[in-house]
Amino acid sequence: MKRPLRAATLAASLIAWAATFAPAAAQTYPTTTIRIVVGFGPGSSADILARLIAKHFERQFSQPVIVENRPGNSSMLAAEAVARAPKDGYTLFMATVANTLNPAQNNAKFNLGAELAPIALLGVVPNMLVAHPSVPAENLQQLIALAKSKPDSLTFGTSGSGTASHLAAELFNTKAGTKVLAVHYQGGSNQALPDLLAGRITLMFNVAATLAPHVSAGKLKAFAVAQPKRTGAMPDVPTMDEAGMSGFDAGIWIGLLAPAGTSSDIVNQLSVAADAALRTEAVTVALKAQGIDALGSSPKEFADFIAADIEKWVSVLIATGLRK
């Protein structure tokens, strides 16, 4: 009877020893420089958020963290490059809604949530639905009624075909059952916003922080924020859900991912560190100044968010005939 007891004791010791050393990679991570790749240029919202997170990671991990700007193909070049990087947690990607919009429009094989491992949904640049003061509607329901009764009287200014502002307008049409015409501007919001202020177009989805001064001055009227939560840029403006259109989310989200196959221990470690960064006063204040609302999520929550975002935009694109 003593031999089995010794064998059991030895087995238990080996299991304990293995458990001690199994997560060694995660325990020693990181030991060298971390790189965060951004698919847009310096000064973009994704770049600003990446640099704020990088500073916090440097303090958290006592390792250098660099931000690399690699613009091209609506951020898809950067996404694909990171997807091919080693699965060791040292090359990360700062994704945006462009990385779900672009593949959805082109029916591409690239799937953000499958090619990359979601770490955390970090923040959102809230969009807001506004109108020229001449539009005879005082709330979202009146606007929808107007669009249905006089379909040719309203126009949506967009930053170009297939952009976030354009698809927000098409999502509005889909949910409201309206057919408001989209007017695309090659120069983006820099051209569309002056025309909205002049009354040459009547409606627009655009960044809440950009629109806030015009709304406060009475030059535009705000109907709703295009996301589930109110924004710090215009806290008195209701969400689309509060205004009567449920399930409307068309904010410009930003999140952190690693190459698919990266250790879950490392992913979770990065997620916890990112969440801690978003809770610091310095990051919160800096984000607010840039018109970015801090979010935060677990890897699982971010993965579910990405899957839902892809499904939403594919449905809108198919319904409007924009899917290639």
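These legends describe close-up views of a predicted model. Local features need pLDDT of at least 70 and side-chain atom pairs count only at pLDDT 80 or more, while totals for chains, interfaces and linings use all residues. Residues are numbered from 1 along each chain as its sequence is written, and side-chain values use heavy atoms, with hydrogens and water left out.

View 1. Strands (E, at least two residues) and helices (H or I, at least four) are DSSP runs numbered from the N terminus; two strands pair if DSSP finds at least two bridges between them. S8 pairs with strand S5 (residues 127–131) in the antiparallel sense over 5 bridges. Strand S6 (residues 155–158) runs parallel to S8 and is joined to S8 by 2 bridges. Leu203 of S8 is the bridge partner of Ala131 and also of Phe156.

**View 2. The largest nonpolar core around Leu143.** A nonpolar core is a set of buried Ala, Val, Leu, Ile, Met, Phe, Trp, Tyr and Cys residues joined through side-chain atoms within 4.5 Å. The largest one holds 52 residues, of which Leu143, Phe172 and Phe205 touch the most other members. Helix H14 (residues 299–320) supplies the largest share of this core, 7 residues. Leaving aside residues up to four places away in sequence, Leu143 touches Leu129, Val135, Ala137, Leu154, Phe172, Leu203 and Phe223 (contact means heavy atoms within 4.5 Å). A second, separate core has 37 residues, including Tyr29, Phe57, Val67 and Val125.

**View 3. The largest pocket.** On a 1 Å grid over the protein atoms alone, a pocket is an open set of points where a 1.4 Å probe fits, with protein on both sides within 12 Å along at least five of seven lines; lining residues have an atom within 4 Å of a point. The largest pocket has about 890 Å³ of space, a volume being the space filled by probe spheres set on the points. Of its 37 lining residues, Phe40, Ala98, Thr163, Ala164 and Ile252 lie nearest the centre. Helix H5 (98–106) is among the elements that give two or more residues to this lining, and H5 contributes the largest share, 5 residues.

**View 4. The second largest pocket.** This pocket has a volume of about 330 Å³. Its lining comprises 19 residues, and Val124, Gln227, Pro228, Lys229 and Leu295 are the closest to its centre. H14 gives the most to this lining, with 4 residues.

Conventions
Buried means under 20% relative accessible area, exposed over 50%, partly exposed in between (1.4 Å probe, protein chains only).
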